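Reader: I want to learn how to read helix packing. Can we work through a case?

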Amino acid sequence: MPISALTEILKAGADDPTFPEVTVWKKSHPGGKAIGCLPIYTPAEMIHAAGMLPVHLSGAMGRLKLDNADAYLQDFVCSVAQSTLELYLDGFLENIDAVIFPSICEVLRGVSGIWKRIDPDKPIIYLNLPQNYNSGSASNYMISELGRLKTELEKISGSAITDDALFKSFELFNKRAELLNKLDLYRSDYPGKFKASEFYILRLAGRAIPVEEHIELLQEALSAVEETQPRKRPIARIVLFGAFCERPPIAMIEAMEEERIALVYDDLFPGMHWSKDPLPLAGDPLKILADHYLKSNLHTPVVNHPESSIGDAIMNIVRARNADGLLLATAKSCHPMLHDLHDIFATSEKQGIPYVKIEFEEDQQVFESIIVQIEAIIEARERMPFAGTDRKEGSGDQK
Ligand code: SF4
């Protein structure tokens with residue numbers, strides 16, 4: 001089956017606010033518990049090792065009218081916070097037995113308090129992630145937080161999370177990360193064969209299914225990509241940055257692809273393949289998870305690497321992916337992102353890498369202005385190509 005046919009089938013359910021995957025899982029696991037994970041990082045391996053189902057929650061992707069959340073949150077709050085709360089208020093998360101809120105920003109901290117007030121009996125776990133990766137205390141602090149999380153999850157599942165179970169989970173999550181990394185490179189090397197929108201749908205399809213099933217799906221997708229006949233080569237290669245938390249509509253990425261603009265990198269779903277390095281399969285599992293989190297070279301505005309600038313990190317990606325420029329697509333009202341914009345703009349200008357900046361909302365339906373702005377990058381490249389565009393295109397792509 002070609003990759004387009006596979007992802008077309010998955011697309012219909014990829015943003016279904018009713019989370020039918022959880023209902024199916026619960027039917028086959030009587031008494032099983034599903035744990036909601038807010039963006040951007042939760043050690044899902046630990047939930048899996050407890051025999052529970054991690055469910056990645058990140059808004060409603062424009063599928064819900066905000067009839068209730070606006071009573072709790074101001075208009076200037078990002079869509080992902082509003083619509084995740086709306087999902088809860090509208091009863092779509094009844095199958096979710098507890099929710100983990102990682103400490104990524106003040107907005108999610110506020111939502112966690114509201115969540116608790118709405119139903120004090122529904123467990124929530126606030127996971128305090130270290131804010132400075134280089135601090136000498138970061139590792140011990142993270143290990144103690146992971147220990148606390150483990151105890152909370154054991155209370156919910158009713159059984160101990162053993163080291164053996166953790167290592168079995170690490171192995172599976174390593175396998176998934178390896179497949180995601182392969183697919184990520186494939187869409188960069190052969191953007192005419194495998195589109196970013198298809199890669200996006202494959203990640204969305206894994207939001208609430210067991211990792212074992214997601215692995216099977218990704219393996220099938222990899223074979224499908226290899227068998228796919230080349231489609232037209234894109235006219236521009238763009239790096240998308242800024243969608244680490246709120247998810248842009250799939251239609252936004254498809255609209256770019258219609259104009260033969262390929263996203264050769266994006267920061268969607270960072271928690272699914274947090275580090276390029278696999279989790280080691282021996283040692284102290286909590287220390288391994290802490291190191292995995294702290295030693296990732298992933299840069300996002302909610303992760304602080306004091307030794308290196310986020311602007312440099314993004315420009316390095318633009319060059320490594322032989323991209324024509326950067327699309328800085330930020331969720332509306334995302335304060336952590338606003339904090340880093342100056343550094344990204346200044347670095348981009350200093351290094352001569354063209355960029356455009358847009359704001360998106362998850363229910364956005366019109367994308368012409370984004371396309372017009374990206375065309376400015378293409379024009380800039382034609383006037384003065386920067387060093388990064390000396391690329392080797394995927395040989396399978398048609399001109
Ligand atoms: S989009 Fe930004 S402000 Fe909103 S929850 Fe995510 S990090 Fe926080």
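Author: Start with handedness. A crossing is left-handed if the near helix is turned anticlockwise from the far one by less than a right angle, and right-handed if clockwise. Here α1 passes α8 in a left-handed crossing. Helices are DSSP runs of H or I, at least four residues, numbered from the N terminus. The model is predicted; local features need pLDDT of at least 70, side-chain atom pairs count only at 80 or more, and totals for chains, interfaces and linings use all residues. Residues are numbered from 1 along each chain as its sequence is written.

Reader: Which residues make the contact of α1 and α8?

Author: Contact means C-beta atoms, placed from the backbone, within 7 Å. From α1 come Ile3, Ser4, Thr7, Leu10, Lys11 and Ala14; from α8, Glu198, Ile201, Leu202 and Leu204.

Reader: At what angle do α1 and α8 pack?

Author: Axes are lines fitted to C-alpha atoms over the stretch in contact, and angles run from 0 to 180 degrees between N-to-C directions. Residues 3-14 and 196-204 pack at about 50°, axes 9 Å apart. Under 35 degrees counts as roughly parallel, over 145 as roughly antiparallel, 65 to 115 as roughly perpendicular, the rest as oblique. α1 and α8 are therefore oblique.

Reader: How do α4 and α5 pack?

Author: Helix α4 (residues 79-89) meets α5 (residues 106-118) at about 15°, with axes 11 Å apart. The pair is therefore roughly parallel. Its crossing is right-handed.

Reader: Which residues of α4 and α5 meet?

Author: Ala81, Leu85 and Tyr88 of α4 meet Val107, Leu108, Val111, Ile114, Trp115 and Ile118 of α5.

Technical notes: Helices (H or I, at least four residues) and strands (E, at least two) are DSSP runs, numbered from the N terminus. Two residues are in contact if their C-beta atoms, placed from the backbone, lie within 7 Å.
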